[in-house]
Amino acid sequence: MRISLFITCLVDQLWPSVGASAVEVLRRAGCEVAFDERQTCCGQPAFNTGYRAEARRLARRFIEIFEEGGAEYVVSPSGSCTAMAHHFHELFADDEPWRRRAEALAARTYEFGAFLVKVLKVEDVGASFKGRVTWHDACHGLRDLGIKEEPRRLIRGVRGAEFVELPNADACCGFGGTFSVKYPEISVAILDHKIDAIEKAGVRAVVSGDASCLMQIGGRLTRNNSNVKAMHIAELLASRE
Amino acid sequence: MHQQTSETFDRNAREALADVQLRGALRNLATTFGGRRKEAIATVEDWEGLRERARAAKDETLAHLDRYLEQFAGNAERAGARIHWARDGAEACRIVLDLIRARGASKVVKSKSMATEEIHLNHALEAEGLAPVETDLGEWIIQLAHETPSHIVVPAIHKSKRQIAELFAEKVGIEPTDDVAVLTGAARRILRRNFAEAEVGISGVNFGVAETGTILILENEGNARLTTSLPRTHIAVMGIEKVIPRFTDLDVFLKLLPRSGTGQRLTAYQSLITGTKRRPEDEGPEELHIVLMDNGRSRMLAHPVTRQSLACIRCGACLNACPVYQQVGGHAYGSVYPGPIGAVITPQLSGLRQSAQLPYASSLCGACREVCPVKIDIPELLLHLRAEVTEGTAAGTAAQHGPVKRRPLERLAFGLYARAWSSPALYLLGARVARVLQRVVVRRGRIGKVGGLLAKLAPPLAAWTEWRDAPPLAPRTFREQWREENKGQNHPR
């Protein structure tokens, strides 16, 4: 099975190790991973801030690139970027050909964890990580893509990891894209509600499928000199302690 | 409390976050209301099916609103009601005032109505020397405090018991007490007098049934029942979007609204009023006047995306679920409609110019969409309004209230981002340049608080790092690593 990796600009530039981990796990699960170096960004920041023309430009580029390459699926280590690809068709409401192309691509574009469980039917990728871990449901992955069970099953498949459910696992972390810097005080107030729960859970790591949430949660944890690590699900699954 | 407007949402929010009392009052809202809602929903077999049916009924209504309004008006009039059409809030206030004056009335009681809050009816009546008394306990509390409601369903939720006790002591002359029974007992005594003496009762309408001309009012305290049955004249103010096609549609909405709003299976009272009394010797008002109000709703109706805003049944569930509302409360929004639905309808009702911040006051988490009983896609609406803000299209709203303030630097930044990141070469070059520049701020593997000149040059970086560390750009991007590892191998060009 050949998949094309949609790395996302955040993972590409800030956490390339997450990308490497995702590739390793996908290969372990039997995939051939292709990476098209022409890719840049899905345009979500522009779309979410209201700059639709700019978003449309990046969307067209994305669709053109990922239509090629002969891969069966497009897989991404980001719920929000995958959701953006699923929303591309909204940018082409008045453009039937592009809308069709957007919908066709979206139908085979998956978030990393969801892909493993729903398409590859894999829940144990041979990972091991010692300690208590908890999961943060990133909003787009949860509510746009319906991803809830899959990551929990994957975490339960990690040898040595003790899964702890947060009481407010599905509460927003407060990132929200430019919201995090347009309304930083509100963003952090929402965040601290999540941080409190994470600290109370007494975990070694909080895991999520979205680098943006991890940037928000992790940034506050390190500012607080916390012992809790913010980890991407790909990193957890690639772990072999 | 000073009057907060939508224009100063950011400042209002900061003040709200520093208000310890308010934070305490709001903290319970999410858990209590959210918890009760979940329990109430569990008592229904097919909640999702109900939502679908409700939304379908609303869509059907909105697709033929003129027809259903005419049907409603005709049936209500045949049953003895008088129908009045108000283009906007000012006209609605004038109609109500004229009705009161024409009857030589001065004693007016009111039950809770967000539509009347929207048009500031009390102010309009008070300006003419009248003293309408709010009879819903929460509304009466904020009336005594000269405040606006901070929640669609529980208007005084921002007040603590102690604040209410102090308010009553000051305005009503009872001894300060924490005893809820004593406080409500005092309210009941005073409001009963008002009911007994009232000549006009003003109410809102939860649903207007086109098929029968019936209006339905839901409540828990009984004050709406008294307001609409004791005085000789009953005036009901109804937004035009409140009409629904058939009496049987009420079954669906009655299952959804109380559960969504307060976690009840049903409110304590449901008053179904069809016209006036059939025989003169019956009890009840002599006259029923229904004021059908537009006030910007037909403008919302016109656009296929914004039309769904009118499906709202004013349950307040989205407020309770919203992480932003949970932190800052309702007054920060500067509108009688706060929270997610408020962020969407306030700009449409009063113009994007004053309320351009509201569509951005959201992390787009989608919790609101999840709990909305009529499946309004609030995030879609927020994104639509954000596009209107940046593109200045604001069909209708810009024409009405003037253009939105431009943000040239932001526009420039996004334009550059789109152009540069349309080229993989420029994208990579940008990453390399940024990696060099960031050395100024990276210390021990992270970016801490950025201040001084750099903070002024890059406000987003300052805003982020005030409370959170920022990750540095990695020494090599994923693609650079990949290129090196796959040198000479066959991969898509």
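In the predicted model, A:Gly131 has A:Ala161 of β6(A) as its bridge partner. This pair belongs to the parallel pairing of strand β5 (residues 128-135) of chain A with strand β6 (residues 159-164) of chain A, which runs over five bridges; two strands count as paired if DSSP finds at least two bridges between them. Strands (E, at least two residues) and helices (H or I, at least four) are DSSP runs, numbered from the N terminus.

Taken together, four strands of chain A form an open, parallel sheet in the order β6-β5-β7-β8. β6 and β8 (229-232) of chain A stand at the edges with a single partner strand each, so one side of each lacks a neighbour in the sheet. From one strand to the next the twist averages 35°. Helix α12(A) lies across β7 and β8 of chain A and runs at about 170° to β8(A); such angles run from 0 to 180 degrees between N-to-C directions, with axes as lines fitted to C-alpha atoms, for helices over the stretch in contact.

Residues are numbered from 1 along each chain as its sequence is written, while chains are lettered from A and ligands numbered from 1 in the order in which they are written. As this is a predicted model, local features need pLDDT of at least 70 and side-chain atom pairs count only at pLDDT 80 or more, whereas totals for chains, interfaces and linings use all residues.

The domain assignment, automatic or from a database, divides chain A into domain 1 (2-118) and domain 2 (124-238). The contact takes 30 residues from domain 1 of chain A and 24 residues from domain 2 of chain A, two residues being in contact if their C-beta atoms, placed from the backbone, lie within 7 Å. On the domain 1 side, two or more residues come from each of α1, α2, α3, α5 (79-91) and α7 (112-119) of chain A. The greatest contribution there is that of α2(A), with seven residues. By class, this side has 15 nonpolar, eleven polar and four charged residues; Ala, Val, Leu, Ile, Met, Phe, Trp, Tyr, Cys and Pro count as nonpolar, Asp, Glu, Lys and Arg as charged, and the others, Gly among them, as polar.

Turning to the two chains, 53 residues of chain A are in contact with 52 residues of chain B. The elements giving two or more residues to the chain A side include α4 (52-67), α11 (184-200) and α12 (211-223) of chain A. That side divides into 25 nonpolar, 13 polar and 15 charged residues.

One helix pair spans the two chains: the axes of α11(A) and helix α1 (residues 9-17) of chain B come within 9 Å and cross at roughly 35°. This crossing is left-handed, a term for a near helix turned anticlockwise from the far one by less than a right angle. A:Glu185, A:Ile186 and A:Ala189 of α11(A) make the contact with B:Ala13, B:Arg14 and B:Leu17 of α1(B).
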